[in-house]
Amino acid sequence: MEKHFKLISMAPLFLLLCFPFAFAGHDYGQALSKSILFFEAQRSGYLPHNQRVTWRANSGLNDGKSSGVDLVGGYYDAGDNVKFGLPMAFTITMMSWSIIEYGKQMAASGELSHAMAAVKWGTDYFIKAHPEPYVLYGEVGDGNSDHYCWQRPEDMTTDRRAYKIDTSNPGSDLAGETAAAMAAASIVFRRSNPAYANELLAHGHQLFDFADKYRGKYDSSITVAQKYYRSISGYNDELLWAAAWLYQATNNQYYLNYLGNNGDSMGGTGWGMTEFGWDVKYAGVQTLVAMFLMQGKAGHHAPVFERYQQKAEYFMCSCLGKGTRNVQKTPGGLIFRQRWNNMQFVTSASFLATVYSDYLASAGRSMTCASGNVAPSELLSFAQSQVDYILGDNPRATSYMVGYGNNYPRQVHHRASSIVSIKVNPTFVSCRGGYATWFSKKASDPNVLIGAIVGGPDAYDNFADERDNYEQTEPATYNNAPILGILARLNGGHGGYNQLLPVVVAGPTQQKPAPQPKATPAPASTSAPISIEQKMTTSWNAKGKTYYRYSITVTNKSAKTLTDLKLSISKLYGPMWGLTKSGDSYAFPSWLNSLPAGKSLEFVYIHSASAADVSVSSYTLA
């Protein structure tokens, strides 16, 4: 890796006007449903009564038994039958992030409960895998013996040994990523299942403490993972990543300070990345910290957080092809990182571009790349182009999501998919017999692995749909996890809420949002046409002073369009973002002329005093 540094101007502006925004061309809702369904095909353990992928059955029912611990459950990572902890934890973190950002859109399409169930299948397993504060089981099964066989999970005869990290054999990257997963998932369940959310957070705190106190790479302790999921980047990125998610989940200043105090020494502010995935988390950390900065939460860490943001935007610019060092792309426009399972980098990078686009739009700001200014919409358009490529808009007209469209991979490198279901033919499939009978069969899979995103094409958009072509035809859970959020975003539009405001995920029973009442003129005698809601959102201490961040939401409650708004603000002793000073009053920013009926705008200010006095001076309703 090389270190890259660049300077960027900071102009945080906290304003959002939510207009409906829709995309056409692909059925993103159908793709979302299928991409979530894939996780049910990857389940290990006792399958639930509401299992929708019915060709699968129970498997791995003795996992952990030889070690005296119950490790039944969790996910198989890809086309094999091993449970690898590091990519599984990253999968759960990214699924949770998808829900945190776009849960409302998932609810609107009836998929939130399925997405939350997919997260819980992973976190239930992690609770089992973390039986003591400083013990974490990070793998069940051995890749070498597993890959020697081609069997259904239900028929497994391979070694199911469990491998752990502890104080004598640490693994800060594994423990850190699992802490991040638990913290992110706790946000997902905070409203619908608070007791479970608290349990996840308790594990998250302990795992972070374990990761930070006992430093070491997990693959030095679980050496059987080296051939498959070697931690090339080390563990500093996971420690920062875990701290960021624990801060997001708790608002505990300890974790914010950890990010501020260790950002430079651990590489958070130094690495300019062009990839993001289960191994290298820096771009994800930088994106989260940039969000904290734009939310006004940085406090005295602002100079450090600005350096994180510079690197976040280095990544975004590289994806757009507008930076000083850009990602490689195929002639058809797909991000290309490597021959083996390239699609994992496509979905992860596209997710970061999607959320950062919304963070920028929510803050009312753009981004500066080496080649010029970039609007938030460019990042979203980039992410959409990558998703559309996956769904079939490519030189081969091939959908790389199994079961979506008509031309998708039929010979997926996946044991369970390629062998007849045990429910159809319960005859035992032996270790090597599976290779002879099923792996080598030049025919379509007997079980369609709906929703799976396979490894994808090569650097020239070429693809061979062959089962032994594992570099291109093998799917993985961490290919799918990030795309859930992008598909929900593209399918549902913005959803009418500010991505920089705290998000509470609705319960899984809430499939569709309640219908919004139509705005009607309210009598002046009983209700003003403009409402102002003010609240203190965070505070911090710096150099002996306490600073407060206040958020103010102005809503047009009339049935008409609001123009020429003038606000009077007194007792303001600090900076304000989101309005333009106009004489003794404050007005819309220069790029905004009006506020439609029922819409809101938000602005914020920071000072070391109680709330300022805000009132409406004048306005026009047209």
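Modeller: We can go through the disulfides, then some backbone details, the sheet and the nonpolar cores.

Modeller: Please keep in mind that this is a predicted model, where local features need pLDDT of at least 70 and side-chain atom pairs count only at pLDDT 80 or more, while totals for chains, interfaces and linings use all residues. Residues are numbered from 1 along each chain as its sequence is written, and side-chain values use heavy atoms, with hydrogens and water left out.

Colleague: OK, how many disulfides are there?

Modeller: There are two disulfides, a disulfide being a pair of cysteine sulfur atoms within 2.5 Å. One joins C149 to C431, with an S to S distance of 2.0 Å, and another is formed by C317 and C369, whose sulfur atoms are also 2.0 Å apart. Counting bonded cysteines along the chain, the pattern is 1-4, 2-3.

Colleague: Which parts does the C149 and C431 pair tie together?

Modeller: C149 lies in the loop between α4 (143-148) and β3 (162-165), and C431 in the loop between α15 (415-418) and α16 (433-439), so the bond ties together parts that are 282 residues apart in sequence. Helices (H or I, at least four residues) and strands (E, at least two) are DSSP runs here, numbered from the N terminus.

Colleague: And are C149 and C431 buried or exposed?

Modeller: Both C149 and C431 are buried, where buried means under 20% relative accessible area, exposed means over 50%, and partly exposed lies in between (1.4 Å probe, protein chains only).

Colleague: What about C317 and C369, where do they sit?

Modeller: Both C317 and C369 are buried. The torsion about their S-S bond is about -85 degrees, so this disulfide is left-handed. C317 lies in helix α12 (residues 302-320) and C369 in strand β4 (residues 367-369), so the pair ties together parts that are 52 residues apart in sequence.

Colleague: Switching to the backbone, what is the phi of N251?

Modeller: N251 has a phi near 60 degrees, a positive value in a residue other than glycine. N251 is found in the loop between α9 (236-250) and α10 (253-262), and at 49% relative accessibility N251 counts as partly exposed.

Colleague: Now the sheet, what is the order of its strands?

Modeller: The order is β1-β2-β3 in an open sheet of three strands with antiparallel pairing, and two strands pair if DSSP finds at least two bridges between them. β1 (83-84) and β3 stand at the edges with a single partner strand each, so one side of each is left without a neighbour in the sheet. Two bridges join β1 to the antiparallel strand β2 (residues 136-140), and K83 has V140 in β2 as its bridge partner.

Colleague: Last topic, which residues touch the most other members in the largest nonpolar core?

Modeller: They are W97, W241, W245, L259, F305 and M367, out of 160 residues in that core. A nonpolar core is a set of buried Ala, Val, Leu, Ile, Met, Phe, Trp, Tyr and Cys residues joined through side-chain atoms within 4.5 Å. Helix α2 (residues 85-108) gives the most to this core, with 13 residues.
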